[in-house]
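Hi there,

Here is the structure I promised to pass on. Have a look at it first, and then read on for what turned up in it.

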Amino acid sequence: MHAHGNSGSARFVADTMLGRLARWLRILGYDTHYDPALDDDALLRIAQAEDRILLTRDHALARRGGPSAFLIDHDDLLAQLQAIRRRFGDPPDAPFSRCPVCNARLVPVPREAVAAYVPAFVWQQHERFHRCPSCNRIYWPGTHFERMQAVLRALQIRCAPLEDHEGLRSSP
């Protein structure tokens, strides 16, 4: 395992205390493994085997992870995201391209293919949909999409116009 510089290609594994951060890293386009059931030894094994940076709030675990661990010492989500971006660079994938639940890359699906899986009013109001090939959730630009874009603007991450994204409303 090697220490990651500011390369923009960092992949992460997040400890159990960082579920919200892991979800947001995925939203931003970072490949982020998160499973709250994993213990410290399992997190270290995943970091080693998959060449991932271990994100943790635990000082002892960060020491055990050595140069491939990154201690999250902020409570504020935006500060956490800014610190990660400063240290590891821009996300390798576009915002809203990963499933925030399971981390898989989302794929566009024809509107007609989701008619039976989303509420009728959603199907009528939206043209673009994406599906997670892993957990099968369907995504579209939901009502909270603008709030999510505000976080991207605060981080100075450029986001294409709304119609180019799946948003992050979902239907399992």
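This is a predicted model: local features need pLDDT of at least 70, side-chain atom pairs count only at pLDDT 80 or more; totals for chains, interfaces and linings use all residues.

Now the overall picture. The chain has 172 residues, and buried residues make up 48% of them. Its secondary structure comes to 6 helices and 8 strands. Read from the N terminus, the elements follow the order β-α-β-α-β-α-β-α-β-α-β-β-α-β. Of the contacts with a separation of 6 or more, 60% are between residues 24 or more positions apart. The chain exposes about 8,800 Å², with carbon and sulfur atoms supplying 50% of that area.

The sheet

β3 belongs to an open sheet of 4 strands, ordered β2-β1-β3-β4 and paired in parallel. β2 (32-34) and β4 (69-71) are at the edges with a single partner strand each, so one side of each has no neighbour in the sheet. On average, neighbouring strands here are turned by 25° against each other, direction ignored.

On one side, β3 (residues 53-56) is joined to β4 by 3 bridges, and the two run parallel. In this pairing T56 stands opposite L71, while L54 has A69 as its bridge partner. β1 and β3 are also joined by 3 bridges and run parallel, with A14 standing opposite L55.

How much of helix α1 is buried? The count is 7 of its 10 residues, so the helix is largely enclosed by the rest of the structure. The buried residues are L21, A22, W24, L25, R26, I27 and L28; you will notice that an arginine is among them, namely R26. Just after α1 comes G29, which takes a positive phi of about 115°.

The cores

The largest nonpolar core has 25 residues, and F12, L21, L25, L55, F70, L81 and I84 are those with the most contacts inside it. At least two residues of this core come from each of β1, α1, β3, α4 (77-88) and α6 (145-154). α1 gives the largest share, 6 residues. There is also a second, separate core of 9 residues, which includes V13, L43, L44 and A62.

F70 is worth a click in your viewer. Leaving aside neighbours within four places in sequence, F70 is in contact with I53, L54, L55, T56, A83, I84, R87 and F88.

Q80 lies in helix α4. Is Q80 buried or exposed? Its relative accessibility is 7%, so Q80 counts as buried. Beyond its neighbours within four places in sequence, Q80 is in contact with L21, R57, I72, H74 and D75. One of these, L21, is also listed among the buried residues of α1.

Y34 lies in strand β2, and at 23% relative accessibility it counts as partly exposed. Not counting residues up to four places away in sequence, Y34 touches A14, D15, T16, L18, G19, A22 and R26. Among these, A22 and R26 are buried residues of α1. The C-alpha atoms of Y34 and N103 are separated by 8.4 Å, although the two are 69 residues apart along the chain.

How values were computed
Residues are numbered from 1 along each chain as its sequence is written. Side-chain values use heavy atoms; hydrogens and water are left out. Two strands pair if DSSP finds at least two bridges between them. Axes are lines fitted to C-alpha atoms, for helices over the stretch in contact, and angles run from 0 to 180 degrees between N-to-C directions. Buried means under 20% relative accessible area, exposed over 50%, partly exposed in between (1.4 Å probe, protein chains only). A nonpolar core is a set of buried Ala, Val, Leu, Ile, Met, Phe, Trp, Tyr and Cys residues joined through side-chain atoms within 4.5 Å. Contact means heavy atoms within 4.5 Å. Accessible areas come from the Shrake-Rupley method with a 1.4 Å probe; for residues, only the protein chains shown count as cover.
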